[in-house]
Amino acid sequence: MSSVPGQLTAPADDFTAAEGILRRQAQRESAARTYARALPVVPVRARGMTVEGADGRRYLDCLSGAGTLALGHNHPVVLEAIRSVLDSGAPLHVLDLATPVKDDFTTALFETLPRELAEHGRIQFCGPAGTDAVEAAIKLARIATGRDGLLAFSGAYHGMTSAALAATGDTAVREAVRGPDTQVTRLPYPYDYRCPFGVGGDRGAALAARWTAHLLDDPKGGVQAPAAMLLEAVQGEGGVVPAPDGWLRRMRQITAERGIPLIVDEVQTGVGRTGTFWAVERSGIVPDVMVMSKAIGGSLPLAVIVYREEMDGWLPGAHAGTFRGNQLAMAAGTATLRFVRHNALHARADSLGTRMLRSLHGLAARHPCIGDVRGRGLMIGVEIVDTGGETDDHGALPAAPHLAAAVQREALRRGLIVELGGRHGSVIRLLPPLTITDEQAEAVLDRLAGAIEAARAAAPGAAA
């Protein structure tokens with residue numbers, strides 16, 4: 001089998017074993033599986049940013065468990081924290097009982113929060129997934145306000161359970177799971193490249209904010225006072241779309257003036273990912289509720305919400321989950337939070353992300369199929385477009401999902417794991433661990449450039 005630069009060639013028996021595992025997965029697992037379809041890798045070992053498959057091939061992982069692995073795979077401080085709990089004889093499952101491990105995690109988390117939340121906040125331990133924390137946040141807002149409706153945004157992704165799915169903007173996913181819908185008012189999210197108002201930039205963001213305020217204040221607008229507004233400071237699954245700082249401040253002002261709790265979903269953006277420890281810090285806003293998961297568990301399942309203490313209207317057991325007392329996740333999370341904070345990995349993400357964006361803008365200048373490059377810190381998106389299509393009235397070209405999928409396949413051949421997101425799955429998403437080295441960043445950029453060139457060359461009509 002031929003190899004690509006940066007890739008290992010494995011013995012034939014390794015390939016056979018890996019193919020058998022993949023075949024059995026396809027036979028046994030549900031049709032709901034996603035990553036395994038586009039990334040036919042069988043990981044057996046991993047360290048930092050490097051993943052080794054059962055076939056002997058090595059990959060640079062720019063998926064990082066969809067942003068879960070802030071320190072990459074099997075970081076020594078995480079492994080040591082897990083071993084310490086295992087060796088101590090501490091209980092691994094404690095429901096919501098108080099333990100030293102839990103107390104240490106809560107302290108470490110509060111040390112990172114915006115001051116107002118750290119000094120006047122309460123924490124709710126939820127089920128192990130971020131979607132359950134979103135459910136808890138919405139439920140809490142309903143209890144606190146006595147209202148039911150929810151303000152959410154186009155392009156949003158908040159999870160796959162009931163209220164979280166209703167707040168998600170992907171109509172195809174919501175259509176596939178029929179059932180009673182939470183009352184959601186959908187609002188425009190600023191998206192410079194595909195501006196819903198056709199103007200982009202600060203003007204587009206200002207119009208989006210004006211529409212929101214107008215809709216809430218119009219007595220004939222049909223929108224009753226909602227329980228909360230739910231948003232992401234950077235939309236991840238929506239295509240890595242960063243919200244302008246001014247728009248975020250305006251959303252905070254609009255909600256505060258109208259007595260509407262503001263919930264910010266930091267599940268993917270938190271723990272240094274976007275260049276500040278929490279994405280809200282860049283704009284300076286302090287939400288009423290922050291939703292956290294993924295990286296806070298140090299690679300293990302953990303989800304919490306932190307909210308202003310005056311909202312704490314829960315009755316005992318009003319929101320619970322059997323696995324909300326995951327001691328191993330709390331220990332791994334504590335190690336991760338403190339390592340990122342003490343080593344200023346959020347600042348590192350900011351500086352390295354800026355350099356990577358600069359290089360990708362240079363790549364876009366050579367490849368017209370790259371319609372836009374954007375991101376915050378080490379949360380980066382490259383939007384692939386159809387250069388043969390017609391532009392809209394703002395100058396944006398149509399999405400090119402087939403070409404984006406071809407780029408993903410070519411990247412995998414070159415030993416690079418990337419994910420797709422955004423409208424029509426046409427945005428290549430880079431979520432490397434915060435521990436990525438300069439050399440690894442260069443390798444990511446080189447392999448991605450090679451993948452784009454190869455995909456373009458193989459595309460129908462390329463010769464013309």
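This is a predicted model: local features need pLDDT of at least 70, side-chain atom pairs count only at pLDDT 80 or more; totals for chains, interfaces and linings use all residues.
Residues are numbered from 1 along each chain as its sequence is written, and side-chain values use heavy atoms, with hydrogens and water left out.

View 1. Helices (H or I, at least four residues) and strands (E, at least two) are DSSP runs, numbered from the N terminus. The C-alpha trace spans about 65 × 65 × 45 Å along its principal axes. Of the 464 residues, 54% count as buried. Buried means under 20% relative accessible area, exposed over 50%, and partly exposed in between (1.4 Å probe, protein chains only).

**View 2. Four strands form an open sheet in the order β13-β14-β17-β16.** The pairing is antiparallel. Two strands pair if DSSP finds at least two bridges between them. The edge strands, β13 (370-376) and β16 (419-421), each pair on one side only. Neighbouring strands are turned by 25 degrees against each other on average, direction ignored. Within the sheet, β14 (residues 379-384) and β17 (residues 427-430) pair over 4 bridges. Here Ile-380 stands opposite Leu-430 in β17.

**View 3. Helix α13 lies across β13, β14 and β17.** The helix covers residues 345-366. It runs at about 175 degrees to β13. Axes are lines fitted to C-alpha atoms, for helices over the stretch in contact (heavy atoms within 4.5 Å). Angles run from 0 to 180 degrees between N-to-C directions.

**View 4. Helix α15 has 21 residues, 438-458.** From first C-alpha to last, α15 reaches 30 Å, close to the 30 Å expected at 1.5 Å a residue. That expected span is 1.5 Å times one less than the number of residues. An α-helix has 3.6 residues a turn, so residues three or four places apart point the same way.

**View 5. Thr-106 sits in helix α5 (residues 100-110).** Thr-106 is buried, with a relative accessible area of 18%. Leaving aside residues up to four places away in sequence, Thr-106 touches Ile-123 and Phe-125. Leu-231 is 125 residues from Thr-106 along the chain, and their C-alpha atoms are separated by 24 Å.
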